[in-house]
Amino acid sequence: MTRYVISRSFTSSVERTPRVLEIAEGFGLGLSDKKFVIYDNLDLNIEDGDVVYITGQSGSGKSLLLRDLKSQMQAAGKSVVDLNDIVLEERPVIELIGRTTTEATDLLAKAGISDAWIYIRKPSELSDGQRYRLKLAKIMESGADVWSADEFGAVLDRATAKVIAFNVQKVARALGKTLMVATTHTDLKDELGPSLTITKRFRERVDVEQA
Ligand SMILES: Nc1ncnc2c1ncn2[C@@H]1O[C@H](COP(=O)(O)OP(=O)(O)O)[C@@H](O)[C@H]1O
Ligand SMILES: [Mg+2]
């Protein structure tokens with residue numbers, strides 16, 4: 001069990017252009033610097049192999065939390081792979097993953113790709129959703145300790161997002177990997193079975209539910 005403490009705030013200073021001044025005057029807005037607190041000593045306990053589900057509205061602070069957790073984990077010596085950092089070579093899908101064809105089809109199936117027609121296409125010829133699933137397959141074979149996905153499933157329809165969520169947590173748990181996902185969607189709880197659900201509210205408010 002590792003303890004992570006997250007604190008984040010910003011000081012906003014407004015650039016005083018003529019239009020900004022006009023708006024400030026018209027709407028009676030003050031322009032003095034304001035401090036916005038997003039996390040105030042949020043205390044989290046995360047164990048290797050946990051599934052961490054971060055939700056909250058757009059702008060509430062999900063990406064910041066994910067980024068801070070990632071860097072604290074890296075500082076603690078863990079290897080972290082981020083779905084958004086996966087670069088796909090422009091070669092047939094079946095060549096991009098696994099040491100053998102069987103291993104490749106196996107990994108792809110776990111990520112929701114089991115169509116021979118997709119195996120022989122190149123990443124640029126896939127839909128966003130198919131590319132996303134391919135990246136998930138790449139994460140699964142990465143060997144990293146922590147798998148992180150911001151905007152998890154955003155390019156997938158909800159039914160597919162649920163299937164993928166279920167499969168990814170299953171593989172992560174089988175391999176003892178820590179999985180952290182952030183999304184505005186709150187409908188993945190059954191599929192992810194999270195060890196930790198973090199619901200970010202506005203200001204520094206946050207609800208934490210430990211399973
Ligand atoms: N560099 C920054 N300077 C000022 N405010 C920031 C900065 N980065 C993020 N924020 C603010 O922090 C809040 C949370 O951002 P973010 O974590 O990206 O939200 P989410 O991922 O939940 O949509 C937002 O309101 C955003 O405007
Ligand atoms: Mg975000």
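An oxygen atom of ligand 1 lies 2.8 Å from an N or O atom in the side chain of K62, a separation that falls within the cut-off for a polar contact, which is a pair of N or O atoms within 3.5 Å; within protein, one of the two must be able to donate a hydrogen and the other to accept it, and residues adjacent in sequence count only if both atoms are side-chain atoms. The backbone also takes part, for a backbone N or O atom of G59 is 2.7 Å from an oxygen atom of ligand 1, and a polar backbone atom of G61 is 2.9 Å from an oxygen atom of ligand 1. Taken alone, ligand 1 exposes 570 Å², and the protein buries 55% of that; such accessible areas come from the Shrake-Rupley method with a 1.4 Å probe, and for residues only the protein chains shown count as cover.

This is a predicted model, in which local features need pLDDT of at least 70 and side-chain atom pairs count only at pLDDT 80 or more, while totals for chains, interfaces and linings use all residues. Residues are numbered from 1 along each chain as its sequence is written, chains are lettered from A and ligands numbered from 1 in the order in which they are written, and side-chain values use heavy atoms, with hydrogens and water left out.

**The surroundings of ligand 1**

Ligand 1 is surrounded by F10, I38, Q57, S58, G59, S60, G61, K62, S63 and L64. This shell divides into three nonpolar, six polar and one charged residue, where Ala, Val, Leu, Ile, Met, Phe, Trp, Tyr, Cys and Pro count as nonpolar, Asp, Glu, Lys and Arg as charged, and the others, Gly among them, as polar. The largest share of the shell, three residues, comes from helix α2 (residues 62-75); helices (H or I, at least four residues) and strands (E, at least two) are DSSP runs numbered from the N terminus.

**The chain as a whole**

The chain holds seven helices and eight strands, and its C-alpha trace spans about 65 × 40 × 30 Å along its principal axes. Of its 211 residues, 43% are buried, where buried means under 20% relative accessible area, exposed means over 50%, and partly exposed lies in between (1.4 Å probe, protein chains only). The chain exposes about 11300 Å², of which carbon and sulfur atoms supply 48%. Among the contacts (heavy atoms within 4.5 Å) with a separation of 6 or more, residues 24 or more positions apart account for 72%.

**Salt bridges**

How many salt bridges does the structure hold? There are 14, a salt bridge being a side-chain nitrogen of Lys or Arg within 4 Å of a carboxyl oxygen of Asp or Glu.

| Pair | N to O distance |
|---|---|
| E141 and K138 | 3.9 Å |
| R158 and D187 | 2.7 Å |
| D207 and R201 | 2.7 Å |

R158 lies in helix α6 (residues 158-175) and D187 in the loop between β6 (178-182) and α7 (189-192), so the pair ties together parts that are 29 residues apart in sequence. R158 is partly exposed, at 22% relative accessible area, and D187 is partly exposed as well, at 27%. In the pair of E141 and K138, E141 is partly exposed with a relative accessible area of 35%, and K138 is partly exposed with 22%. D207 has a relative accessible area of 33% and counts as partly exposed, and R201 is likewise partly exposed at 33%. Elsewhere, E89, R91 and E95 are linked in a network of salt bridges.

T55 has its place in strand β3 (residues 51-56) and is buried, with a relative accessible area of 3%. Not counting residues up to four places away in sequence, T55 touches K62, T183, H185, T186, I198, T199 and K200; K62 is also the residue whose side chain approaches an oxygen atom of ligand 1 to 2.8 Å.

D68 lies in helix α2 and is buried, with a relative accessible area of 13%. With residues up to four places away in sequence left aside, D68 touches I6, S7 and R8.

Is E90 buried or partly exposed? E90, which is in the loop between β4 (80-82) and α3 (101-110), is partly exposed, with a relative accessible area of 41%. Beyond residues up to four places away in sequence, E90 touches K122, P123 and S124, and the side chain of E90 makes a polar contact of 2.3 Å with the side chain of S124. The C-alpha atoms of E90 and E125 are separated by 9.4 Å, although these residues are 35 residues apart along the chain.

Key
A residue is near a molecule or strand if one of its heavy atoms lies within 4 Å of it.
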